[in-house]
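Here are some exercises on charged pairs and domain contacts, each with a worked solution. Have a look at the model, and try each task before reading on.

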Amino acid sequence: MADKKKKEDKKTQAELLQDQLLLKKKTVYDGYAQRAGKKATAYGEKYMAFMNAAKTEREFVRESVKLLEKAGFKPFEPGRAYSAGEKLYFNNRGKSLAAAVIGSAPLSEGINLMAAHVDSPRLDLKPNPLYEESGLGYFKTHYYGGIKKYQWVAMPLAIHGAVMRADGKLVEVVIGEDDKDPVFCVTDILPHLSAKVQDDRKAREVIRGEELNILLGSEPVEDDKISDPVKLNLMRLLNEKYGMVEADFVSAELEVVPALKARWLGLDRSLIGAYAHDDRVCAYTSLTAFAEVNRPERTALLVLADKEETGSDGNTGLASDFLRNFLALLCRGCGQDLELTLYNTRALSADVNAGFDPSFAEVNDRRNCAYLNRGPVLTKYTGARGKSGTNDASAEFVGHVRRLFDAHDLPWQTGELGKVDEGGGGTVAMFLASLGMEVVDIGVPLLSMHAPYEVASKLDIYAMYEAFRAFCK
Ligand code: MN
Ligand code: MN
């Protein structure tokens, strides 16, 4: 303290003026790490365990329900009047979720809402996926979300999902996660032979959509009369394990994801590498912050949405009326006005942002981009090319959120996703805004976003959790 005082005394007038007037770019290592480092490490361990158990939107919702039930949440009963302190959740078809802790203030005074998405880029199976070619068995796929297709070849893959059989039974599938399980892969052409057919293709075409075929096996059934003996053998194995037949693929949602576990990354273990940080890092931090809420003044609401990566369409996505309908039912039961509730609601659209990558510096405006280890990124607007397709948060609401984080002494930063006219991206913010609520984007900065293995900082993740905790308390 005395040292600090001496340093302050030595500062020139201009230095003092600079401290007072100009923005300082602090990192999480300027005080926050000393305060939160140990807790952030323990939190990171729990986050990785959760990520390894939740590699699809269905699995994430299932694990979230388990966590919420442990914290005292009960399934939502439409039409019932809820009173202050009650905790409820609404599981929307197993793929998205809304949960609330009722506040002491009336709902119509507004809600504190956090919304993240739990779907992530992956390879989905086509409705008629299984085939055999030259003695090898494959699945045809149709990729989900914005992927760089070349990143998904020549690496171990797992198959997750659900199959609705003809007998009306839903069967859960997970192959490739247990160390004793087999894994799968998409093959690539060897460099010795790629000169003519691949080396001159543009990056988007290095691997084409129809080349993302999952290698499943090579052993035939022994019978000369069978035209596709490898395919039949593979179907036999699936039938033994899951009771399914080929026609059942049409009523299945089978998702191919990297067979990789979330792990500490870097010699100093300051980073975490994982499949699907986007957006499960915001989903997990908001979920765990929300699960701790007790007797808030304003009602706290958590939304875990599906379909964000394909534009939020579909009845589990936020372009649908599922959130509005859930809130209408909740308001009606409590004798409250839905429109007023929506108008007075404050929302954080919780989604990841791009962290500055020194290897690709030219895509960012260095004065207006996010960096790893500077805390959660508050993003006033997303979109691209003249702010199209975005919610542009108001000065008043950004001011409210900023004061809140500063009051809790939390690290945070601001940044745009890329240079003007370089590209851009969307989040669920605009769908929340279209309901009339105040909303701003916030999230953890990532490296390699949408790759099979994404990178986030341990301290950014913990600061995100603390920021959500401050918001919904
Ligand atoms: Mn996202
Ligand atoms: Mn995304």
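This is a predicted model: local features need pLDDT of at least 70, side-chain atom pairs count only at pLDDT 80 or more; totals for chains, interfaces and linings use all residues.

**Exercise 1. Find what links Arg62 and Glu172, and say which parts of the chain the pair joins.**

Step 1: Begin with the atoms. The closest N and O atoms of Arg62 and Glu172 are 3.8 Å apart. The cut-off for a salt bridge is 4 Å, so a pair within that distance counts. Arg62 and Glu172 therefore form a salt bridge.

Step 2: Arg62 sits in helix H4 (residues 57–70) and Glu172 in strand E8 (residues 170–175), 110 residues apart, and the pair links distant parts of the chain.

Step 3: Check accessibility. Arg62 has a relative accessible area of 36% and is partly exposed; Glu172, at 46%, is partly exposed too.

**Exercise 2. Decide whether each partner of the Arg165 and Asp167 salt bridge is buried or exposed.**

Step 1: Confirm the pair. The side chains of Arg165 and Asp167 meet at 2.7 Å, N to O.

Step 2: Take the partners in turn. Arg165 has a relative accessible area of 16%, which is under 20%, so Arg165 is buried. Asp167 has 53%, which is over 50%, so Asp167 is exposed.

**Exercise 3. Locate the salt bridge between Asp392 and Lys380.**

Step 1: The closest N and O atoms of Asp392 and Lys380 are 2.8 Å apart.

Step 2: Both residues lie in the loop between strand E16 (377–379) and helix H10 (395–407), 12 residues apart.

Step 3: Asp392 is partly exposed at 32% relative accessibility, and Lys380 is partly exposed at 34%.

**Exercise 4. Describe how domain 1 and domain 2 meet.**

Step 1: Domain 1 covers 32–120 + 275–472, and domain 2 covers 122–258. Their centres, taken over C-alpha atoms, are separated by 33 Å.

Step 2: Look at the contact. On the domain 1 side 18 residues touch 17 residues of domain 2. About 1500 Å² is buried between the domains, with carbon and sulfur atoms giving 48% of this area. Lys55, Arg58 and Pro452 supply 35% of the area that domain 1 buries against domain 2, more than any other three residues.

Step 3: Turn to charge. Five salt bridges cross the interface. The side of domain 1 that touches domain 2 has three nonpolar, four polar and 11 charged residues.

Step 4: Pick out one pair. Glu57 forms a salt bridge with Arg122, with closest N and O atoms 3.4 Å apart. Glu57 and Arg122 also belong to a network of salt bridges with Asp124 and Glu255.

Technical notes. Residues are numbered from 1 along each chain as its sequence is written. Chains are lettered from A and ligands numbered from 1 in the order in which they are written. Side-chain values use heavy atoms; hydrogens and water are left out. Helices (H or I, at least four residues) and strands (E, at least two) are DSSP runs, numbered from the N terminus. Buried means under 20% relative accessible area, exposed over 50%, partly exposed in between (1.4 Å probe, protein chains only). Domain bounds come from an automatic or database domain assignment. Contact means heavy atoms within 4.5 Å. Buried area is the accessible area (1.4 Å probe) that two parts lose on being put together, summed over both. Ala, Val, Leu, Ile, Met, Phe, Trp, Tyr, Cys and Pro count as nonpolar, Asp, Glu, Lys and Arg as charged, and the others, Gly among them, as polar.
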